[in-house]
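Thanks for coming. I will go through one model today, starting with the ligand and then moving to the aromatic rings.

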Amino acid sequence: MPANKPKKENKPSWRHFSFVTAGPVDDYLYSMLPKRDEVLAEMEEYAGQHDIPIVGPAVARVLQQLALMINAKTVFELGSAIGYSTIWWAQAVGEKGQVIYTDGDPKNAERARKYFDRAGVSNRIALHTGDALEVLSEQTQQFDIIFNDVDKEDYPRVLRLVSPRLRKGGLFITDNVLWSGRVAEKNPKAASTKAILEFNRRLYESDDFFTTLLPIRDGLAVALKK
Ligand SMILES: C[S@@+](CC[C@H](N)C(=O)[O-])C[C@H]1O[C@@H](n2cnc3c(N)ncnc32)[C@H](O)[C@@H]1O
């Protein structure tokens with residue numbers, strides 16, 4: 001490690017994003033969050049120990065709040081990992097709602113299924129293992145929310161798929177749109193950074209959406225389908 005590289009603080013990996021809010025302010029924001037239930041708390045701990053990049057509770061609350069604000073009953077999630085954000089969606093859509101979980105890694109899906117059972121939300125979640133973009137492209141229904149959290153190189157392709165599969169007044173939400181601040185680099189070389197820059201630009205330019213980028217954690221794009 002170079003001598004001048006800041007040491008990682010003693011925080012779970014999903015919290016290493018205080019480039020937007022100063023460390024103590026970030027601590028304050030997290031200290032304000034209500035305690036999570038046993039299953040979510042356990043998932044946060046597991047994700048921290050195994051470097052699984054979950055959205056974490058600050059962003060998850062925003063997701064749930066947005067779902068409640070538009071009375072969302074159907075959510076399609078691209079990139080669900082161990083199902084942490086999926087549970088927050090499932091709680092938001094209620095008994096009769098439906099959330100589609102997608103992940104390319106069957107081991108993640110297996111672990112997620114157990115958490116869903118324990119959280120009492122299995123009946124609201126359909127699990128798909130495979131390419132999330134393929135699963136989305138096969139959908140004929142229109143969703144209230146589409147949440148994008150897959151590999152960043154795929155973001156421009158996701159954007160091309162979303163609009164016809166989202167109802168008017170629905171939300172297209174995307175995580176990591178500030179990419180640890182790399183979006184502000186002068187000459188970005190990484191394919192992931194270039195893909196995010198293209199995605200953000202196209203999303204703002206799109207006539208289909210009214211978009212804002214919320215600078216919370218690693219940046220959350222919220223786009224309202226017009
Ligand atoms: C950032 S994690 C998802 C975290 C999850 N949304 C949460 O906050 O709890 C991204 C996940 O997407 C999966 N993934 C990436 N690209 C994918 C693709 N094209 N299709 C399916 N899964 C993908 C990875 O396996 C990884 O588990």
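Which polar side-chain atom lies 2.8 Å from a nitrogen atom of the ligand? That atom belongs to Asp149. I call this a polar contact, meaning a pair of N or O atoms within 3.5 Å; within protein, one must be able to donate a hydrogen and the other to accept it, and residues adjacent in sequence count only if both atoms are side-chain atoms.

Before the rest, the ground rules. The model is predicted, so local features need pLDDT of at least 70 and side-chain atom pairs count only at pLDDT 80 or more, while totals for chains, interfaces and linings use all residues. Residues are numbered from 1 along each chain as its sequence is written, and side-chain values use heavy atoms, with hydrogens and water left out.

Ala132 places a backbone N or O atom 2.9 Å from a ligand nitrogen. For Asp131, an N or O atom of the side chain is 3.0 Å from a nitrogen atom of the ligand. Taken alone, the ligand exposes 600 Å², and the protein buries 87% of that; these areas come from the Shrake-Rupley method with a 1.4 Å probe.

The shell has 20 residues, each with a heavy atom within 4 Å of the ligand. The closest are Val55, Ser85, Asp103, Ala132 and Asp149. Helix 4 (84-93) and helix 6 (132-137) are the elements that give two or more residues to this shell. Helices here are DSSP runs of H or I with at least four residues, strands are E runs of at least two, and both are numbered from the N terminus.

Now the rings. Rings of Phe, Tyr and Trp (its six-membered ring) pair if their centres lie within 6.5 Å; planes under 30 degrees apart are stacked, over 60 edge-to-face, and the rest tilted. That rule gives 8 aromatic pairs. One of them is Tyr101 with Phe116, edge-to-face at 5.9 Å between centres and 75° between planes. Tyr101 is in strand 2 (residues 98-103) and Phe116 in helix 5 (residues 106-119), 15 residues apart. Both are buried, that is, under 20% relative accessible area with a 1.4 Å probe, protein chains only.

Phe172 and Phe199 have ring centres 5.9 Å apart and planes at 75°, so this pair is edge-to-face. Phe172 lies in strand 5 (residues 166-175) and Phe199 in helix 8 (residues 191-205), so the pair ties together parts 27 residues apart in sequence. Together with Tyr155 and Phe209, they form one aromatic cluster.

Notes:
Buried < 20%, exposed > 50% of the residue type's maximum accessible area, 1.4 Å probe, protein only.
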